[in-house]
Amino acid sequence: MNVIKAMMLPLLALLLLARTGSVLAAEAVLLQEMVKQDDANLSRFVLRFDRMPGFRVETSGQKIDIILEEASLAANAPLPPSDERLVRILAGQTSDTLVLSLLLRRPPYFVNPVRDRLENRLTIDVHWRDDQSRSRPAIARALPGHVAISGDGSLSARSLESGYRGRWSDFFTEYERPLQLPAQLRYSWPPFPCLQYFRDVEPLLSGEVLDQAQQRNWSQALEACDRIDRQRLAPMQQIGLELIRAELLLRADRHRQAADLLQQLRLQLQEETPRPADLQDCAELLELYLLAQRSEAPFELLAQLDLLTENNALPDVAEQLRLLQIEAFLVAGNAELAASLAEEALQGDPDPLQGRLQQRLADAWFLQGRLEMATDLYQELGQQINDAPFSLAGYSLGLYRQGRFDETLLALRRLLEQSSDSDLRDQARYAIALALLHRGEANSALAQLHQIFPGNEGGLLARAKIADLSVAGGDARSRAQALEDYALLEERFSDRAARAEMQFKQALVLFLLEQRAEAVEQLRQFLISDRLTDLRPHALALLAELLPGLIDQYVQEERYFDALVLVEQNREILVASQRNYDFLLQLGTVFSRLQFAERALRLYQYLLDATADADRRAAIYPPLLQALAALQQHQQVIDYARRYQQEYPAGTQQDQVLLALVHALLAQDDTAAADQILHDRQRPFGVALEQLAARRAEQRGALAVARRHLDQLEAQAPQAMTAEDRFLLADLCARLGDLVRASALYRQTAKNPGLRLASLYRLGELALQQGQRQEGLRFLRQVAETEEPSAWKDLAREALRMAGFRPL
């Protein structure tokens, strides 16, 4: 083997040198920048290099891999940030290959790469389907809570609901993490001494040893064992006595000494000829119990037991080994196997270990959640479980989880009497307080909580529950104190779930104290720091409830940037809750008015991607088109408008979409297409559409067409007609020879201060044309004699002079 290594080392060195030389010989292509451009149904990624590399593009679901040969990423080369369509870009570099992985929010329709060697440019066009409401859950933005998946695998709804909505203060009295009692299972020992299963022990032991062992005074029994005269014993009997001494050390929890003694005895037994099998079997049994006592994880013990069972070893203690195996499975958390083995053992003839087997079966049933069966069996066992804190804890918790609080209190008091573990005792007292609360005895519960020592887990739980009761009382001062307590407890709890609970309760108290901004920040930190807690859906629901009011408050206070930041940080939650959908659309409009058109556009595009409901999606288009128009992205206005027309041919927003489309066409100087839409008799009616169509027709001299649009406006929406609309219609009627209608309209517009002089002048002209000289001159005098300067006044004076009258 050493010869092979010696031969390989020079060869590896040569390979490394050759590789280094090839890399130096061919300098890598540099990717200088990568930019992303979005259109209605297209995302374009443009990669620019110092020279063109070899490449290939692979697509798999929501991931596109761009593999660039002999290429590397230039220092500080910009990559597109995440947005409504792109989750992120991952860059991976090997010695001669650069891989860019584009993680998308939904699968593309198809991907088309185009290489431009002259410009050293690679363009990746990612085409999307028209229906952008479909998103696969694989790389959707992380939004825990309930996610409903439709039959085709798309995200059809996101629910951020909490049963505490509208009654958040009840959370402090109703919510409970599963109650735990940290009792350790104690392995069951065979009757003392174990050696009796393998040979006669009567000649070895004194009555003093047996008496102390009967009372479980293991240290005193050990001292008595050491006083036994070994000189009177044969060599094998001396080894047997030492095995008894090793067992006493084990039972007295002096594991290190027991291990050393057992190792010595093993070596000594190996030297004996013939080897005494009975003593070797006893040593092997004691080593199993040593392993059980010393190992926190029982897997080595289970492996040893499995090996012994497979080889039919230690048949004299088979029942004890089976019980030890059941208990090891319980410690390992495999309650199913433990229950199966216990049930199997209890099916045969009565076993001397039947009572202990029933106890372990009850333990297994409890761990399986078969609470009623477990508690019934515990009750049958009666006093037998008094010396077993693990079983007493299971019995107490089983009763508690069934809501049998009177019996729970009795069981917990038995546990307190039998246990000497201070942590277990304090948590049992905490459990007693909870049971008292469920019985409606709040004062007794509070007194119990105050008795718990503050330095351990039970004390922390007690302090948290006292804070809960303070918050539930509704007093602002008590809630402020509870807020400080939760912050302190968050630092002191070692358990992740407990820390998460303290974090969330801080946010909830801030909410109850009407400190909304602080509550939102606390919730955001909570959601970032813990993604596994069962409180996450409640936190999301509370955040979704808080955000609209806080954002609206910021807008009212003209803290627009703060409002914008909140929307950017939480838009997934705002959209997913969909509780106040109009609020989001209005918010985008506010941002547009405040010159935040780009941010408004991102919000609308995200809404369009994330919303599956057809009616709600349709309502997004008008403000989206306005945001695009404000950014002068006229071609995208046209593309989105066309898409709306395809998706919603009878949509209620048709007039608004058509208006945006017409303005975009006019901005691109496509007047023919714009006028074709405006004057199409089959298009939907719209106030702004009719107004624009009338004015454009009038400018081209198409007077009858212009009048048709205004007549339609007056017929369908007379309340929407402005005075200017009526004045234009009057002008059109006059020019088309409908003088009666024109006169009637001018009389209406004469009541408008801004159009009064113009309307009176027109009335004067019409009267003169119809031969109503006196009437015409009267109108003209009213205009000429006005005190305000006006071009209409000058025209009226001129008309009066021509008629032979001099104005006053």
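In what order do the strands of the open sheet of 4 strands stand? The order is S3-S4-S7-S6, and the pairing is antiparallel. The model behind this report is predicted.

**Overview**

The protein has 35 helices and 11 strands. It counts 808 residues, and buried residues make up 47% of them. Among contacts with a separation of 6 or more, 57% join residues 24 or more positions apart.

Strand S4 covers residues 63–69, and strand S7 covers residues 97–104. S4 and S7 run antiparallel and are joined by 7 bridges. Leu68 stands opposite Leu98 in S7.

**The sheet of 5 strands**

Another open sheet has 5 strands, in the order S5-S1-S2-S9-S8. Its pairing is mixed. Strand S5 (71–73) and strand S8 (110–116) are the edge strands, and each pairs on one side only. Here the twist averages 30° from one strand to the next.

| Strand pair | Bridges | Facing residues |
|---|---|---|
| S1 and S2 | 8 bridges | Leu31 and Phe49 |
| S2 and S9 | 7 bridges | Leu47 and Leu122 |
| S8 and S9 | 7 bridges | Arg115 and Leu122 |

Strand S1 spans residues 29–39, and strand S2 spans residues 42–49. Leu122 of S9 is the bridge partner of Leu47, and Arg115 also stands opposite Leu122. Is strand S9 mostly covered or mostly uncovered? Strand S9 (residues 121–127) is mostly covered, with 5 of its 7 residues buried. S8 and S9 form a hairpin with 4 residues between the strands. In that hairpin, Asn120 takes a positive phi near 50°.

**Nonpolar cores**

In soluble globular proteins, nonpolar side chains tend to be buried together. The largest nonpolar core here holds 189 residues. Which residues touch the most other members? They are Leu181, Leu243, Leu301, Phe504 and Ile551. Helix H21 (residues 536–556) gives the most to this core, with 12 residues.

Leu301 shows what such packing looks like. Leaving aside residues up to four places away in sequence, Leu301 touches Tyr187, Leu288, Leu291, Ala292, Leu324 and Ala328. Another core lies apart from the largest one. This other core has 34 residues, including Ala694, Ala717, Leu729 and Leu745.

Two packed helices are described by the angle between their axes and the distance between the axes. Helix H26 takes in residues 634–647, and helix H27 takes in residues 654–667. They pack at an angle of about 150°, with their axes 9 Å apart. The crossing of H26 past H27 is left-handed. H26 brings His634, Val637, Ile638, Ala641, Arg642, Tyr644 and Gln645 to the contact. H27 brings Gln654, Val657, Leu658, Ala660, Leu661, Ala664, Leu665 and Ala667. By type, the contact residues divide into 11 nonpolar, 3 polar and 1 charged.

Next comes helix H28 (residues 671–678). Its buried residues are Ala673, Ala674, Asp675, Ile677 and Leu678. These pack against H27, helix H29 (687–699) and helix H30 (703–716).

**Two residues up close**

Leu585 lies in helix H23 (residues 581–593). Is Leu585 buried or exposed? Leu585 is buried, because its relative accessible area is 11%, under the 20% cut-off. Beyond residues up to four places away in sequence, Leu585 touches Tyr604, Leu607, Ala619, Ile620 and Pro623. Leu585 and Tyr604 are 19 residues apart along the chain, and their C-alpha atoms are separated by 7.6 Å.

Gln237 sits in helix H5 (residues 235–251). Not counting residues up to four places away in sequence, Gln237 touches Arg199, Pro203 and Leu204. Gln237 and Asp200 are 37 residues apart in sequence. In space they are 9.8 Å apart, C-alpha to C-alpha.

Note on methods. Residues numbered from 1 in each chain as written. Predicted model: local features only at pLDDT ≥ 70, side-chain atom pairs only at ≥ 80, totals over all residues. Heavy atoms only, no water. Axes fitted to C-alpha atoms, helices over the stretch in contact; angles between N-to-C directions. Helix = DSSP H or I, 4+ residues; strand = E, 2+ residues; numbered from the N terminus. Left-handed = near helix turned anticlockwise from the far one by under 90°. Contact = heavy atoms within 4.5 Å. Nonpolar A, V, L, I, M, F, W, Y, C, P; charged D, E, K, R; others polar. Pairing = 2+ DSSP bridges. Buried < 20%, exposed > 50% of the residue type's maximum accessible area, 1.4 Å probe, protein only. Core = buried A, V, L, I, M, F, W, Y, C linked by side-chain atoms within 4.5 Å.
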